[in-house]
Amino acid sequence: MGAIFILVALIFIVKLFRLQVIDSSYKQYATKNVLRRVVTYPARGLMYDRNGKLLVYNKAAYDLLVTPRELEVFDTTALCAMLDIEKEELIKGINRAKKYSRYKSSVVVKQIAQETYAVLQEKLYKYPGFYVQTRTLREYPYNTAAHALGYVGEVNQSMINSDPYYSQGDYIGILGLEKAYEKELRGRKGINFFLVDVHNRIKGPYREGRNDTLALIGSNITTTLDADLQAYAEYLMQNKKGSVVAIEPATGEVLAFLSAPTYNPSLLVGRARGDNYQKLANDTLQPIFNRAIGASYMPGSTFKLVNALIGLHEGVLNEYTKHACSGTVSRPIRCTHEHISPIGVRNAIRESCNPFFWNTFSSIFQKYPTAREGFNVWKDHLQHFGLGQRIGVGVVGENGGNVPKDSYYDHYYGKGRWNAMTVRSMAIGQGELLITPFQLANLAAIIANKGYYVAPHLVRSIWINENNQQVIDYPKNETGFSSETFDMVIDGMQAVVEESNVRYNTKLDTITICGKTGTVQNPHGSDHSVFIAFAPKENPQIALSVYVEHGVWGSRYAAPIASLLIEKYLKGEVTGWRKDIVEEKMANANLLNPIQPD
Amino acid sequence: MARRNNIWANLDWLTAFMYLLLIILGWVNIYAAVYNEEHSSILDMSQRYGKQLLWIIAALVLAFVLLILDSNFYVSFAYVFYVFTFFLLVGVLLFGVEVNGAKSWFQIGSVGIQPAEFTKFTTALALAKYLSSYNFKIHRFKSLLVIGIILGMPVMFIFLQNDTGSALVFTVFVLVFYREGLTGMVLFTGFLLAVIFIVTLVYTPVMAIVLVALISLIAHYFMRQQIIETMKALAVFVLSFSLVLLGNFLLKYERTVVELILYSSLFSVFVFVIYTIRNRIYKQFWVVGAFLFLVMFTFSVDYVFNNVLGRYQQARINEVLGIESNPLGYGYHVNQSKIAIGSGGFSGKGFLNGTQTKFDFVPEQSTDFIFCTVGEEWGFIGTTTVILLFLALLLRLILLAERQRSVFSRVYGYSVICILFFHVAVNIGMTIGLAPVIGIPLPFFSYGGSSLWSFTILLFIFLRLDASRAEKLSY
């Protein structure tokens, strides 16, 4: 009998040796068994406008979690009524949680509002197995600048795969500044390891918290936006499609950044986000699409400024240069305006004389032995003006526009079989050229700066702490053009505002605005109204581009809107007849119908 | 004579020492298992470790009392004790409280008493008394019947309490009877049935029948010592199976393999019976009969398991046999227990540093799963030490039992040994997944007054008997 006992003891010892010494998997199971990873979500950084006005802040929201194993029979109806959800939703949520894990908690109802939480908190003891986790949601005091700010959403699997920081249920900036400055805004999740018992009850910190990481609150950001100007632009652009981009020329700081129609950023917050997003996405006016940086248009007449500048720089144009214009019978491009002939640079800009700029364009080409060389010189200048490339820093979703390459024409016409004549439409801003409103505003800034631009951006500084802000440096880009090159063009732009028919609704008494209208031909309806400008002439504070789709003429909508924005920005408010008549008319115009009377 | 009468001189102090060591180790591990920082004193009476200390002190007092009583007392009152605890068993069914689905506790104030625990020693006493009586002959039917009644009555009532674990303990008395001259065939048969049972469930009934056939052939060979005859028998098996297979194929019956094997077995049996009768080797009927019986057994195991047992019982058996494993279902206890023990590693996590047992991952960690705490906190060194300590105790007790001069003392001694062995083997076995989870405590280790007292009584009556072995010449 003793032999039996010894045998059994040996079997046990062998088994224990395997279990305890050889097989290490049980040690790993044990760690998983007792450790609970509790994540503390830090508040996301706030965003301020350039004057310290709060653009985005956080409000607390609460996720209802459930640990299925701890559930007891409870009054589903009462809980659903309290949470204002359908019973099926709750049951579905619990089943999903059960599927995930019976021992770990998972979210059943997301983003419960503060008021609901107040009630829920008192009654939570009645529902064992349910817990609440605090999250933060974005809140917008002005409900403005939706496209600039972007929005926050839940991470998807591919985001989790590409960045191990994220795990299921985390929030991430999806568009706009929220995306561009995600790393700064999000802060750092705190992770606390707790020892838990089988009921998932916390029994204390693991290794006295040595492995824990503290949650770090997200950094605040001071944007370059001017909340008042932004709101005013949104007001003026209501019921229109188009965009407004205003830049402080000396710094490249974006003052207003609007794509119309815009949407209320608070629509994309909280539990209704999914539904609202669907609605916005299905809207034929495409409110989510950011026209300011995403849409590229043929630049139209505003581009004549560039051709004039290149002509001046290349020496094919000077203050004495005059070209003849035969009006509507001009060849190869007719003129749309009646004016004296021949005409110089300044007046050609004022009159937007097509033949003049065709002649300039062709002179640039002729200066060089071959059309290809001429074209490439011209194209390189365009690139120095920030065209055909992305220029913004920290701007998500920017479209670079299009500046064609010689190879494009080689392919299209054959090598050596194209010249200035072939590509003549670019002389007046038509053809293959595509420029975004953002680039166009930057063009206005370059002219205002007389030769350089600072990469346009939306963020001035990131807060290190309450008293210390890290101001970001942005690269400065030179065009290589002398400042004198710009003087004549600027004079021309002043003449546009003060002498052409734009003056009636655009000229200001106390501020000298320099601008240029544009009309972008549009095969899908009425032409688009474009205006670029900067002001004041002597010491430019603001440069901007305004696009009003189906606005017919640049002078009809885009120019007065630009002047209202300049007035608002420089004087603080628009008053008198300009408020009563111009502002009134602009704000009330409804241009959503693509066909407008000429 | 003076020396004979002096209990303290004759007491086997080595056993007493091992006993003391075990209960102290148990107490320390209970402390670790339910350690609570708010009540960190091991003497805190509101906690299980505090209470266990009271039980231990009471048990030591009890041991002292048991030792100073005259050894004749146990012999004379053996049946009285037996009948008394039997009434307690009946009583607990009527007045007991239900704990974990088993109605096996008397609640007296805050103290729970489990009569089944005490039935172990009274049954052991009653059996010792009966086996040592003059009219007992182990292979006489009447004797076996009385043994059956003595064992069967308490077992039945414990089963009725739904305390399967405690009831199964009584099966271990088979070992005692083996020592007392029961033919080894009984043990062998039991072993064989167990093997067939496992093979049937883990593998297939087909495999089990093939095994049975092979065993029968071997048995046949050993009985007849004629290799040619055995080969013939094998040929008959193979031939009949081939025929049945062919028939099935030709007639397109499409029977399962199990059925085919069954038919060919029956056919072979028919051939053997004719052969046996013609050669007048009637003794071989035993082999044929055993073969038939085992085939039937295989089928009934298969049938009973799939059609009679509840899902719960199936799951537990499956779990132990390793057929299916559901760590969060029925296997939860075992899985958590293995994790706890396995995570201890070679030298353990150190006293009070166990995480698995401390945080309630292991159910019942201070009672039935106390071995987990040993495994987790003391590692392989601890578990081996405890096992060796128990082994040493058992071997020491065998030595004591064998030196008894009276049958009563010897039978009682072996009863103690076997009961202890069963508890230790099954309890440790279940914590490491080698035995089904039946709720029986680890002797001297597990928390609980009833079990500690019952094992104390069990052991110290034997030590008392041993101390006065010289006085008793025979019974």
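**A hairpin, its sheet and the surroundings**

In chain A, strands β11(A) and β12(A) form a hairpin with 4 residues between them. Gly252(A) sits in the turn and has a positive phi of about 80°. The model is predicted. The two strands run antiparallel and are joined by 7 bridges. Within this pairing, Ile247(A) stands opposite Val254(A) in β12(A). Burial is complete along β12(A): 8 of its 8 residues are buried, so the strand is largely enclosed by the rest of the structure.

Strands of a sheet pair through backbone hydrogen bonds, either parallel or antiparallel.

Another pair in this sheet is β18 (residues 528-535) and β19 (residues 542-548) of chain A. They pair in the antiparallel sense over 7 bridges. Here Ala533(A) has Leu544(A), in β19(A), as its bridge partner.

Gly252(A) is the turn residue with the positive phi. Val254(A) is the residue opposite Ile247(A). His457(A) itself lies in the loop between β13 (452-454) and β14 (459-465) of chain A. Is His457(A) buried or exposed? His457(A) counts as buried because its relative accessibility is 2%, under the 20% limit for that class.

Two loops linked to the sheet strands carry cis peptide bonds. One runs from Ala260(A) to Pro261(A), with omega near -5°. Pro261(A) lies in the loop between β12 and α11 (273-282) of chain A. The other joins Ala535(A) and Pro536(A), and its omega is about -15°. Pro536(A) is found in the loop between β18 and β19 of chain A.

Positive phi also occurs in residues other than glycine. Ser352(A) has a phi of about 55°. Its place is the loop between α14 (345-351) and α15 (354-366) of chain A. Lys450(A) has a positive phi near 55°. Lys450(A) is in the loop between α18 (437-449) and β13 of chain A. Their surroundings can be read from accessibility. Ser352(A) is buried, with a relative accessible area of 6%. Lys450(A) is partly exposed, at 33%.

Now step back to chain A as a whole. The chain has 22 helices and 19 strands. Of its 598 residues, 56% are buried. Among contacts in chain A with a separation of 6 or more, 71% are between residues 24 or more positions apart.

At 1.5 Å a residue, the 18 residues of α6 (residues 78-95) of chain B should span 26 Å. The end C-alpha atoms of this helix are 25 Å apart, which agrees. Buried residues in α6(B) are Ala78(B), Tyr82(B), Thr85(B), Phe86(B), Leu89(B), Gly91(B) and Val92(B).

What about cysteines? The count comes to 0 disulfides over all chains. A disulfide is a covalent bond between the sulfur atoms of two cysteines. Cys80(A) is buried, with a relative accessible area of 6%. Cys372(B) is buried too, at 0% relative accessibility.

Last comes confidence. Chain B averages a pLDDT of 82, and 89% of its residues score at least 70. Over residues 325-329 of chain B the pLDDT is below 50. Beyond near neighbours in sequence, that stretch has 7 contacts in the model. Where pLDDT is low, the predicted coordinates should not be read in detail. For the complex, the predictor gives an ipTM of 0.80 and a pTM of 0.57.

Technical notes: Residues are numbered from 1 along each chain as its sequence is written. Chains are lettered from A and ligands numbered from 1 in the order in which they are written. This is a predicted model: local features need pLDDT of at least 70, side-chain atom pairs count only at pLDDT 80 or more; totals for chains, interfaces and linings use all residues. Side-chain values use heavy atoms; hydrogens and water are left out. Buried means under 20% relative accessible area, exposed over 50%, partly exposed in between (1.4 Å probe, protein chains only). The expected span of a helix is 1.5 Å times one less than its number of residues. Two strands pair if DSSP finds at least two bridges between them. pLDDT is the predictor's confidence in each residue, from 0 to 100. Contact means heavy atoms within 4.5 Å. A disulfide is a pair of cysteine sulfur atoms within 2.5 Å.
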